[in-house]
Amino acid sequence: MIDLNVFWFILLGVLLTGYAILDGFDLGVGSLHLFAKGDYERRIFLNSIGPVWDGNEVWLVTFGGALFAAFPAAYAAAFSGFYLAFMLLLFALIFRAVAIEFRSKRESRVWRSFWDGAFFLASAVAAVLFGVAVGNMMQGIPIGPGGEYQGTFFDLLRPYPLLVGAMTLVMFCMHGSIYLYLKTEGDLQEKVRHWIWGTFGVFLVFYILTTIFTLVAVPSAIRNFEKYPWVWGLVVLNVLAVANIPRSIYKGMPGQAFISSACTIAALIFLFGFALFPNLVTSSIDPEKFSLTVYNAASSQKTLAIMRNIAFLGMPFVLAYTTAIYWVFRGKVRLTRFSY
């Protein structure tokens, strides 16, 4: 039976996976927004994610709350290190929400063009920052005694995190274009189909480059593989999921392609967590001495136990709400006078 510290590490991984899969496609739709032509196509894009985008972000909020309660020392270290990056992410998410709500309030072309640009920029910045954060956690950040961050904002913008950020952006664009294919029809659907092939090709290049760079620049990423060799099986499944995306599109099975894209994201998040474990925040100054782990950064066992019971009660409601929303708003997008 797993202990409470590991249980919460796994649950954080589940929450992060839920966020990356669900908000991943709507960030991807936002990043592709300016490639749509005309007001009609852009309204279709906005309304494809209109009923779900805010619910998707609940997973990120829940992740932050769980990290704060279960591992407060890691929460403090991460937020002190990524303070400016988190403020930038928060600004991007808020500005994105405002763009969605404000764009259709006026008929002015200048007004709508401004919010189109804001929606695109905020979505792309949020996707890149998510990847840059993952890259920094993989490579380690300058954490010293007491969990104090000893670097600057620009220390986070190293080649490896930026590469992971670029891969995340194109992966979300691919995920979003498959989602758009499911929600559109006619000529627009055919246009989106070409985007799937394009974004998949770029993603494949970045996926291979990031894998090679990880093995060269972060050799500690595979240290747990020697202890748990069964994880190589998941790597194989991840490759098969990637390969199934173009196969499914070619055979006219976009639903299966979307599931494969979601599985690809889930597998990458799992491998990220597995490479990190038992660390939550790895110190690049002295990994053995200053890293924050699931044990030295955790709350008391009593707190973890109470939170586990709350999670068991709350998670079914989150899953039920998410399922209900997607079921109610299933099908192709239709514009009405109440649409964005």
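Which residues form one aromatic cluster? In this predicted model, the members are F91, F95, F102, W111, F114 and W115. One of these rings also has a charged neighbour: the charged end of R106 sits over the ring of W111, at 5.3 Å from its centre.

Turning to aromatic pairs, the structure holds 28 of them. In the pair of F35 and W195, the ring centres are 6.3 Å apart and the planes meet at 70 degrees, an angle over 60 degrees, so the geometry is edge-to-face. F35 belongs to the loop between helix 1 (4-31) and helix 2 (38-49), while W195 belongs to helix 9 (residues 186-217), so this contact ties together parts that are 160 residues apart in sequence. As for solvent, F35 is exposed, with a relative accessible area of 53%, whereas W195 counts as buried at 17% relative accessibility.

Another aromatic pair is made by F130 and F172, and here the rings are tilted, with 6.1 Å from centre to centre and 40 degrees between the planes. Because F130 lies in helix 7 (residues 109-139) and F172 in helix 8 (residues 159-183), the pair ties together parts that are 42 residues apart in sequence. F130 counts as buried, at 14% relative accessibility, and F172 is buried as well, with a relative accessible area of 1%.

How values were computed:
Residues numbered from 1 in each chain as written. Predicted model: local features only at pLDDT ≥ 70, side-chain atom pairs only at ≥ 80, totals over all residues. Heavy atoms only, no water. Phe/Tyr/Trp six-rings, centres within 6.5 Å; stacked < 30°, edge-to-face > 60°. Helix = DSSP H or I, 4+ residues; strand = E, 2+ residues; numbered from the N terminus. Buried < 20%, exposed > 50% of the residue type's maximum accessible area, 1.4 Å probe, protein only. Lys NZ or Arg CZ within 6 Å of the ring centre and 35° of its normal.
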